[in-house]
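Before this model goes any further, I have set out some comments for you to read beside the coordinates.

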Amino acid sequence: MSELQFGMLSMPVLLVLIFLRMPIGLAMLIVGLGGTAWVTGGSLVVLAKLKTETFTTFSSYSLSIVPLFLLMGQLATLGGMSAALFKAAETWLGHKKGGVAMAAIGACAGFGSICGSSLATAATMGQVALPELKRYGYSGGLSTATLAAGGTLGILIPPSVVLVIYAILTEQNIAKLFLAAFIPGFLAALGYMITIRLYMYFNPGSAQVRQRVAYIDRFKALFDVWPVLIIFFLVVGGIYLGWFTPTEAAAIGAAGTGIIAWVNGGLTKNGLVESIMATASNTAMIFIIILGAGFYNAFLALTQVPQEISTYIISQGFSPWIVLLIILGLYLIFGCVMDSLSMIFLTIPIFFPIISELDFGLTSEETAIWFGILVLIVVEVGLITPPVGMNLFVINAMDKKTRIVDTYKAVLPFVASDIIRTGILVAFPSITLVLMRWFY
Amino acid sequence: MHNTMMKMAKLMGMLGGLVLFALIAVTTLSVIGRMLNTIGHSFAFLESTLTIFGPIKGDYEIVEAGVAFAIMAFFPWCQLNRSHASVELFTSMLPTSANRFLALIWELVFALVLMLLAWRLYVGMLAKMRYGETTFLLQFPIWWGYAACAFAAFIAAIVAAYSVYLHGKELIAGEDLVDIDRSLGH
């Protein structure tokens, strides 16, 4: 068997292990190490590599942004800002048809600007918004689906852990990626609100509206979310203006959200322990994937598989747009069963070389950033697609009275809105790239 | 034994968390120091006061060594809390006992891998010690970082071995014995 064939063979083997419920990072690590041992003809190279690789990976300065952003997200949930955000959004939108649900989306978008994690956003906003939605007579399905969809804004709107990983894997500028994620994130929130409005149109009378609130009170409520704005501009603006590195920005963001939580009395002993332990679980989960993916991708590179696949696909002369659509479609399918970070690690080393060889009429950097945002959106759709959308589970578990089937049904219009938005962003790359072109 | 293991995993998690907080403090202070220094240099009347501040020397070296320990220290809790990402859709069609069996096998593999990582980290540490490698700015020995990381990896391996035992017990008893906290994206 040639090395290339062996590398090719490793892919179905890896998939079978993963589908047999082997932890994804562990599966990549085992196949990567085993494969490298086979190619290099013994365990010597592997053992030598293991002496330094773990420490080098875990002590990476650019990757240290990951635990910092995770901790920042956890501290943000303690800070009580979710309630203030929801209140502000509610005073502006609550009197419209479907307004309370729209307010939940708006608040999720706001919370997403200080939290880089989808699950934390969904869970935190769920605690605040679910009771309110129920009070105004929203059906259980629509309430849970709204929050599950809103949760994806946590990762679409920068800061975003997934974008950080994409930036590191493809050696792109994090600040530019964050900037490019803006308009798509805003469109996502807008699309979800339109979805809610349409849902109300087809199911009239399914929810009450709130009293209209005077403008003075609206601005007062809006003013109460100033800490969120400060942290957001400090983190994202600071990176963009070059005041600090992304890792420094994450540390400052974590310090800022920690101080807010402390001032608001959220930093109780239990709360603090909870948020540290949640950060611990998530960090370790992500880093075993990072470590495993490092070994697996090094093995694949050794067997030349990514280059060969890329050369093969380019030589077939397919239309770039067809290739892109197929890749995005694959993400949607995989997203139904796999978490977003694992998918990114498994696929970017194969797909990115293909995409960067194709001509979309953009510069290579523009293509990389545009593709990154598209991937970010389609992998996040996976969080709300039945049967294993994590956001659906987390929110549904918070609402004992709603059956998961009702959540599944009600989330489909949101998934449709995601797919329509992806189509628009594919057709018009400038929507994603305009801010970046403008600022740089 | 269960309590000891839980306590150990939690303690490591808290230690990692404390280190993370310390790194946040170091980085934030370093940035503030750097900015004050820049402001001091921009305005003549502030020069004498603000330029005594500055960035913390070698801050990113502290971050690198610290975060490596923190990440490794997070593994025991992740192991006991069973938080690793996996695809459960296909095996959900199998009976519960088959799922428990698979969980046991993979946990065993995981424990072995963690032992391998811990052992190699230790060997790596010995090598760094032998060559006396130090960091560039602070000149502190690189093996310190390795030692902390290897220690955390050993604890992770022990906890994972206990987790294998738990999985075995669950397979034999035919019931779940551990409460898993899935709230807030644990």
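**Notes on the predicted model**

1. In this predicted model, helix α20 (residues 404-427) of chain A packs against helix α21 (residues 429-439) of chain A at an angle of about 70°, and their axes are 4 Å apart. Angles of 65 to 115 degrees count as roughly perpendicular, and α20(A) and α21(A) are therefore described as roughly perpendicular to each other. On the side of α20(A), the contact is made by Ile424(A), Leu425(A), Val426(A) and Ala427(A), while α21(A) contributes Pro429(A), Ile431(A) and Thr432(A). Sorted by class, the residues of this contact are six nonpolar and one polar, with no charged residue.

2. Helix α21 of chain A also belongs to the lining of the second largest pocket, to which α5 (81-93), α6 (99-112), α10 (174-202), α12 (226-241) and α21 of chain A each supply at least two residues. The volume of this pocket is about 880 Å³. Its lining comprises 29 residues, and those that lie nearest the centre of the pocket are Ala109(A), Gly110(A), Ser113(A), Phe186(A) and Leu229(A). What is the make-up of the lining by class? The lining residues divide into 24 nonpolar and five polar, and none is charged, a point to keep in view when the pocket is examined.

3. Turning to the overall form of chain A, its secondary structure consists of 21 helices and zero strands. The radius of gyration of chain A is 22 Å, close to the 22 Å given by the globule rule for 440 residues, so chain A is as compact as a globular protein of that length. Along the principal axes, the C-alpha trace of chain A spans about 75 × 45 × 45 Å.

4. Chain B has six helices and zero strands, and read along the sequence its pattern is α-α-α-α-α-α. How does the radius of gyration of chain B stand against that of a compact globule of 186 residues? Such a globule would have a radius of gyration near 16 Å, whereas chain B has 22 Å. The C-alpha trace of chain B spans about 75 × 40 × 30 Å along its principal axes.

5. Some backbone geometry deserves a separate look, given that most residues other than glycine have a negative phi and most peptide bonds are trans. In chain A, the peptide bond that joins Pro158(A) and Pro159(A) is cis, with omega about 0°, and Pro159(A) has its place in the loop between α8 (140-156) and α9 (161-170) of chain A.

6. In chain B, Arg82(B) has a positive phi of about 55° although it is not a glycine, and this residue is found in the loop between α4 (75-80) and α5 (96-131) of chain B. Gln139(B), also a residue other than glycine, has a positive phi near 60°. The position of Gln139(B) is in the loop between α5 and α6 (142-173) of chain B.

Technical notes
Residues numbered from 1 in each chain as written. Chains lettered and ligands numbered in written order. Predicted model: local features only at pLDDT ≥ 70, side-chain atom pairs only at ≥ 80, totals over all residues. Heavy atoms only, no water. Axes fitted to C-alpha atoms, helices over the stretch in contact; angles between N-to-C directions. Parallel < 35°, antiparallel > 145°, perpendicular 65-115°, else oblique. Contact = heavy atoms within 4.5 Å. Nonpolar A, V, L, I, M, F, W, Y, C, P; charged D, E, K, R; others polar. 1 Å grid on protein atoms, 1.4 Å probe; cavity = no way out; pocket = protein on both sides within 12 Å on 5 of 7 lines; lining within 4 Å. Points joined across faces, edges and corners; volume = space filled by probe spheres on them. Rg over C-alpha atoms; globule rule 2.2 N^0.38 Å.
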